[in-house]
Amino acid sequence: MSAVEKAARREKARIAFEGARKERTPFGDAMRQLLKNRAAVAGGIFVIFIVLVALLASVIAPYGFAEVSFADNYAAPSSKYLAGADYLGRDILSRTIYGSRVSLAVAFVASTVSLVIGLVVGMVSGYAGGRIDNLLMRLVDFLYGFPFLIFVILLQVYFKALSRRGSGIFFVGTLIEINNQMGGMLFIFIAMGFLNWLQMARIARGQVLSYKQKEFVEAARMVGAGDTRIIFRHLLPNVLGPCIVSETLAIPGYIFTEAFLSFIGLGVDAPTPSWGIMISEGYKGLRSYPHLIVAPAIALVLTVLAFNFLGDGLRDAFDPRLRGE
Amino acid sequence: MTRYIIRRILWFLPVLFAIVLATFVFVRIMPGGPFDFAGDKSLPPSVVANLEAKYHLGEPTWKQFARYLYDLVVKQDLGPSYRYRGRTVNEIISDALPISVQLGSLALLLGLSIGLPAGIIAALKQNTPLDYGSTFVAILGVSIPSIVMGPILMWIFALKLNWFPVARWGAQAPFFLGFLPVPTLTFWKHAILPVVTLGTGLSASIARLTRASLLQTIREDYIRTARAKGLAERVVIVRHALKNSMIPVVTILGPLLAAVLTGTFTTEQIFGIPGLGKHFVTSVGNRDYPVVVGTTLLYSVFLVIANLLVDITYAWLDPRIRYD
């Protein structure tokens with residue numbers, strides 16, 4: 001047997017061996033489970049669709065969101081305006097398309113902020129234990145008593161007044177400029193994440209507590225890994241999954257909160273469209289022009305439904321206890 | 001248990017104090033004041049100065065806060081409203097709160113009476129068409145916010161079919177025992193649409209939670225034990241599974257209770273109901289400081305009490321939970 005042949009056979013054996021022990025990680029199992037769940041897949045596809053709509057809004061929308069045409073005010077749905085026109089003659093379909101940007105922005109910004117803060121507090125609390133843990137968890141208990149929605153309303157009124165007044169401090173001025181570019185909602189989205197990390201911290205802490213006694217952490221410590229390395233390399237990947245699932249389930253709440261704020265007149269600044277503000281305008285004209293409310297209401301419900309299906313599917317996939325036989 | 005409850009009630013005091021302090025200071029540092037009116041309605045500076053002197057707004061904030069706390073603790077007085085002249089916050093709350101309580105408790109009853117059975121049936125018949133059907137309806141229900149549900153119901157049943165009135169509330173003060181309405185036909189006709197608007201979302205989230213929790217409980221070892229010792233299936237489900245599976249459901253009922261009883265702005269706004277929800281929102285915009293602080297305090301009191309009730313219910317549902 002030549003050396004070349006030997007090498008080839010060894011290579012073949014290696015490939016067969018690798019194939020035979022193709023890993024079945026918990027993550028892989030969960031993904032397979034998720035892909036079997038048709039509702040979750042449909043939800044995921046719709047979320048991707050809405051993201052594309054939001055990104056390409058300026059390409060696919062037939063009109064601009066602020067294009068006023070007084071001759072067409074309250075126009076019924078027709079071939080010119082597929083979903084009708086509002087009180088200023090602005091195309092409702094186009095405004096609904098642009099409105100997806102605000103809803104997705106809140107979904108993304110608030111959940112990221114909440115995830116990061118919750119992870120940091122929860123992991124530090126669980127990993128450090130002792131007095132720090134006690135202190136942080138008392139803080140969480142304390143903040144649980146705070147009325148979330150009232151503070152969101154108070155903060156939003158504050159931010160609105162702030163952005164009208166402007167600020168002399170350089171970087172605050174720049175931030176206010178970015179905020180105004182986003183229809184005046186950036187600050188409140190960040191604030192919503194800041195107010196909503198408590199649940200996330202509890203989950204992250206619980207996960208860290210259960211993993212930090214495991215053998216792999218001990219092994220890592222034995223070969224000399226420091227706290228930072230253990231937290232980021234060994235604990236974080238395990239903690240992240242349940243936290244992301246829980247955050248996905250929180251997204252409908254963020255979208256509803258934005259719609260609620262816009263509905264009560266504390267949302268985006270005109271003329272930026274948001275589904276909440278369009279529903280608010282629509283329900284006031286319900287008696288005479290019921291078509292005003294249809295497109296934004298359908299868009300809002302379908303988007304939230306998609307996030308709910310996706311979140312439910314993720315939770316079922318990552319939590320084997322809920323799986324049926 | 002008694003000691004635990006007393007300890008918890010003592011813990012309320014710093015929490016409520018912090019909430020009142022935070023709200024009190026925060027509304028005052030917000031730009032704009034209670035007497036800034038734009039255009040024709042704007043007041044002469046001398047009038048504003050007089051009004052501010054009357055309400056001690058020129059004083060340092062800590063002094064105002066001390067005065068507020070003194071009135072609150074000693075006289076149970078939440079102060080005057082700056083916007084509704086001649087009305088106190090106590091009067092505003094005692095007029096509006098009963099209506100919100102009526103709406104909220106009816107909606108919660110509806111939510112429980114649909115949500116619990118639906119969730120239980122779905123869990124017991126897991127992976128059957130019945131389960132898929134009710135799970136789908138429930139997930140649809142939580143995805144439709146009241147700002148969409150309200151207009152849909154109003155359009156169909158009030159505007160097209162003319163079965164129910166479009167707006168307003170069918171009961172007025174004085175109420176029996178301070179909050180119970182006279183259950184006239186007018187009351188129910190006005191109540192149905194808002195109660196259904198608020199109740200569908202509640203029943204859907206209760207159904208989802210009940211299903212998920214019951215599914216977990218049913219797989220526990222003690223359920224197998226209960227079956228093995230020959231208990232009737234009904235007893236196994238009701239006494240062993242259901243009771244234990246209620247813990248997550250009760251957990252969300254606490255904040256829900258506080259939220260619906262103190263008024264839900266959107267439902268009240270859509271149906272023109274003079275409840276407390278409106279005051280939460282408009283008082284902030286009006287910079288009506290005492291109303292903001294008063295309504296926030298009221299909501300927080302409801303919230304901490306509801307959460308205490310939740311924890312007491314835990315101990316009853318699961319005797320392993322002890323608080324000593």
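A residue counts as buried if 20 or more other C-beta atoms lie within 10 Å of its own, as exposed if 12 or fewer do, and as partly exposed in between, with C-beta atoms placed from the backbone. The model is predicted: local features need pLDDT of at least 70 and side-chain atom pairs pLDDT 80 or more, while totals for chains, interfaces and linings use all residues. Residues are numbered from 1 along each chain as its sequence is written, and chains are lettered from A and ligands numbered from 1 in the order in which they are written.

**View 1. Helix H9 of chain A.** Helices (H or I, at least four residues) and strands (E, at least two) are DSSP runs numbered from the N terminus. H9(A) spans residues 186-195, and eight of its ten residues are buried, so the helix is largely enclosed by the rest of the structure. Among the buried residues are A:Leu186, A:Phe187, A:Ile188 and A:Phe189. A:Ala191, A:Met192, A:Gly193 and A:Leu195 are also buried.

**View 2. The side of chain B that touches chain A.** Two residues are in contact if their C-beta atoms, placed from the backbone, lie within 7 Å. The contact takes 36 residues from chain A and 37 from chain B. On the side of chain B, H6(B) gives the largest share, six residues. By class, this side has 27 nonpolar (Ala, Val, Leu, Ile, Met, Phe, Trp, Tyr, Cys, Pro), nine polar (the others, Gly among them) and one charged (Asp, Glu, Lys, Arg) residues.

**View 3. The fold of chain B.** Chain B has twelve helices and zero strands. Of its 324 residues, 40% count as buried.
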